[in-house]
Amino acid sequence: MTDLQNIDVTVVKGIGKETAVQLADMGIHSIQDLMYYLPYRYDDMRVRDLADVQHDERITVEGKVHSEPSLVFYGRKKNRLTIHLLVDKYLIKAVFFNRSYLKGKLAPNDVITVSGKWDKHRQTITCSHIVFGPHQQVTPFLPVYPVKGNVTVPALRRYIENALQKYGGTVGEILPKAVRDRYKLAPIQDALAFIHFPKTEEEMKQARRRFVYEEFLLFQLKLQVFRKMRRERTRGVGQDYHLKQLKQFISTLPFSLTNAQKKAVNDICADLKSPYKMNRLLQGDVGSGKTVVAAIALYASYTAGFQGALMVPTEILAEQHAESLSKLFANTDLTIGLLTSSVKGKARQEILERLQNGEIDILVGTHALIQDEVHFSNLGLVITDEQHRFGVEQRRVLKEKGENPDVLFMTATPIPRTLAITVFGEMDVSVIDEMPAGRKPVETFWAKHEMLDRVLSLMEKELNKGRQAYVICPLIEESENLDVQNAIDVYNLLANHFHGRFHTGLMHGRLPSSEKEEVMKAFSANKIQVLVSTTVVEVGVNVPNATFMLIYDAERFGLSQLHQLRGRVGRGSGQSYCILLADPKNETGKERMKIMTETNDGFVLSERDLELRGPGDFFGKKQSGLPEFRVADMVHDYRILEIARADAIRFIELDEFWQDDEYASLRCYLEESGAMSGEKLD
């Protein structure tokens, strides 16, 4: 087969040096790049009956120009040409933007064929394509590509068509025949022809299926091989924990483990015993009992003669973890230390000395754990809670405090399975997806802003019972751009409303850390009954006495964030409530409010959030490490993603994969991608 990656695009008819420079700006350098530059949609060139067409569909119609075209100029060098077109019995408008030259080419009674987006309400088609004369269906579907600079879609179509004619028969196949046969996937040469110039919808579907599977398989193979190479290169400590002692400890817990907790414990214990280093993500909904699983893991490591470290994002959270672990380990000889920036002087020196000589078995703390002066005697297990709150560098420094310690990351952000196996593909993932018995679900209601007085009456009922309330706002101060309630205004309103009866506190991200800690401690101690805050409370303290949450302008938050906020209440034995104060302007906002009132299951919500927001925005910023797929869509193609992942895992365990000619192309791809080196992939 010809090495198309090394043939310059200038060999294609119509591509000169100037065009090659512009194509290079689009990432197209070689013949292979050009042929694999895939369309993102198609213009349907089949003539449709307007009676059957839905609003916003892309359509093609044939019609007769009914009157003189009208041309309007606006802005700098912009213009709009409008034609009244008689299509069967309908008189519609055809609109062209920035094509003023068409005015001199069109006259009443001319027959033309146009394609574009149909606005059913305005009876208007916004045209992207025109043919002078009656409809002549050369191809039923015209591919549309993203373009830059002076490169036009019709020109790019011609270049790709010329390249396919000359080199299409020499494209090498990367998928083994057995795989193509099993899933009835088109060979690569057919798939490329089908995806660029499909003659039928069936060809379009066949090509898409082929490319979706191929993209997912290649990505998953990279992840799985990287994981295998890294695991085999970084030997772990192989912790030979004391099973009888561990079972005895679990039997003394004041509650029974859920089945999901038991499975997570078994996964982690198997990793501890393994000679390879553990690299596991433990994800579980708010209140699902991750801390207990972490405690069991730390105890197992302790019985094997190792120290453990638990790093959390805030001081108050570190104190709470240290306190809850002390209670769980009350009947054992295990010693717990707490290290935060508040621990100073003699007390700090004493902890550091006891840690270094092995007297402290588990050290709980904030990023203070990764400072140079912190030395462990024999660190075997590192647990990072809410791992996304720490930078990669901070997590790396903590791991280097021991000799290849096992690593467990924990998060209360339910991540949809499709994202978990893509973003955290090089990790093992354990999921706690059931709640401990006896926990009451938070009752959630959606209220409009005019119902605020009724909402405050409900809040007062809870406060009169001795309970506490959170009030969450999207912004700190008034913004000219966003018509949303801000924390300072709301604080002033509520402080005035509850004056003399209940204490109101204010917390937001611009407060110094020490002040934030002070406010949270006052709230934890019930010195503050109503805490007005921005989303800084999303991850953090456990205040079982807080039973009421009011979220202002709730439509401004994603579902996962709303769920994280709601998780701050419902932590005690009393019934808790969450009120979403919102007047959403669009259907997506209304849908979010509806979903929140219907389910308390974070995993269900995360899947729905992914559908509504798309994978790129799921983590709040487009910095999530998500791969860019040309054809595949992680949300809608998740079944193919799971199949491709299972295949990738199976392949790398097969001797044939590493030896047979059938898999040579996949091995070559892995070599070139850098996965075989075990270095972190892009």
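Visitor: What makes Gln123 count as partly exposed?

Guide: This is a predicted model, by the way. Gln123 has 30% relative accessibility, and partly exposed runs between the 20% limit for buried and the 50% limit for exposed, so Gln123 counts as partly exposed. You'll find Gln123 in the loop between β6 (111-119) and β7 (124-132). Its phi is positive, about 55°, although Gln123 is not a glycine.

Visitor: And Asp553, which also has a positive phi: is it buried or exposed?

Guide: Buried. Asp553 has 4% relative accessibility, and the cut-off for buried is under 20%, so Asp553 counts as buried. Its phi is about 45°, again without being a glycine. Asp553 is in the loop between β20 and α17.

Visitor: What makes you say that α17 is mostly covered?

Guide: Count the residues: in helix α17 (residues 559-566), 7 of 8 are buried. They are Leu559, Ser560, Leu562, His563, Gln564, Leu565 and Arg566.

Visitor: Which residues does Phe548 contact, leaving aside its neighbours within four places in sequence?

Guide: Among them are Val455, Leu458, Met459 and Glu462, and also Val569, Tyr577 and Ile579. Gln468, Ala469 and Tyr470 are in contact with Phe548 as well. Asn378, on the other hand, is 170 residues from Phe548 in sequence and 44 Å from it in space, C-alpha to C-alpha.

Visitor: Why is Ala644 called buried?

Guide: Its relative accessible area is 0%, against a limit of under 20%, so Ala644 is buried.

Visitor: Now the rings. What makes Phe651 and Phe657 a stacked pair?

Guide: There are 15 aromatic pairs in the structure. For Phe651 and Phe657, the ring centres are 5.9 Å apart and the planes are at 10°. Pairing needs centres within 6.5 Å, and stacked needs planes under 30 degrees apart, so this pair is stacked. Both Phe651 and Phe657 are buried.

Visitor: Then what makes Phe657 and Trp658 edge-to-face?

Guide: The angle between the planes is 90°, where edge-to-face asks for over 60. Their centres are 5.0 Å apart. Look at accessibility too: Phe657, at 0%, counts as buried, whereas Trp658, at 27%, counts as partly exposed.

Visitor: How do you know that the charge of Lys273 sits over the ring of Tyr241?

Guide: The charged end of Lys273 is 4.5 Å from the ring centre of Tyr241. The distance limit is 6 Å, with a further condition of lying within 35 degrees of the ring normal.

Visitor: Which residues do ring pairs link into a cluster?

Guide: Phe249, Tyr299, Tyr302 and Phe329. Phe249 and Tyr299 also turn up where α7 meets α9.

Visitor: How do α7 and α9 pack?

Guide: Helix α7 (residues 243-251) and helix α9 (residues 290-303) pack at about 150°, with their axes 9 Å apart. Their crossing is right-handed. From α7 come Gln245, Leu246, Phe249 and Ile250, which meet Ala295, Ile296, Tyr299, Ala300 and Thr303 in α9. By class, that contact has 7 nonpolar, 2 polar and no charged residues.

Visitor: And the whole protein: how many helices and strands?

Guide: It has 22 helices and 21 strands. Buried residues make up 50% of its 682 residues. The C-alpha atoms fill a box of roughly 90 × 70 × 40 Å along the principal axes. Of the contacts between residues at least 6 apart in sequence, 73% join residues at least 24 apart.

Notes
Residues are numbered from 1 along each chain as its sequence is written. This is a predicted model: local features need pLDDT of at least 70, side-chain atom pairs count only at pLDDT 80 or more; totals for chains, interfaces and linings use all residues. Side-chain values use heavy atoms; hydrogens and water are left out. Axes are lines fitted to C-alpha atoms, for helices over the stretch in contact, and angles run from 0 to 180 degrees between N-to-C directions. Helices (H or I, at least four residues) and strands (E, at least two) are DSSP runs, numbered from the N terminus. A crossing is left-handed if the near helix is turned anticlockwise from the far one by less than a right angle, and right-handed if clockwise. Contact means heavy atoms within 4.5 Å. Ala, Val, Leu, Ile, Met, Phe, Trp, Tyr, Cys and Pro count as nonpolar, Asp, Glu, Lys and Arg as charged, and the others, Gly among them, as polar. Rings of Phe, Tyr and Trp (its six-membered ring) pair if their centres lie within 6.5 Å; planes under 30 degrees apart count as stacked, over 60 as edge-to-face and the rest as tilted. Buried means under 20% relative accessible area, exposed over 50%, partly exposed in between (1.4 Å probe, protein chains only).
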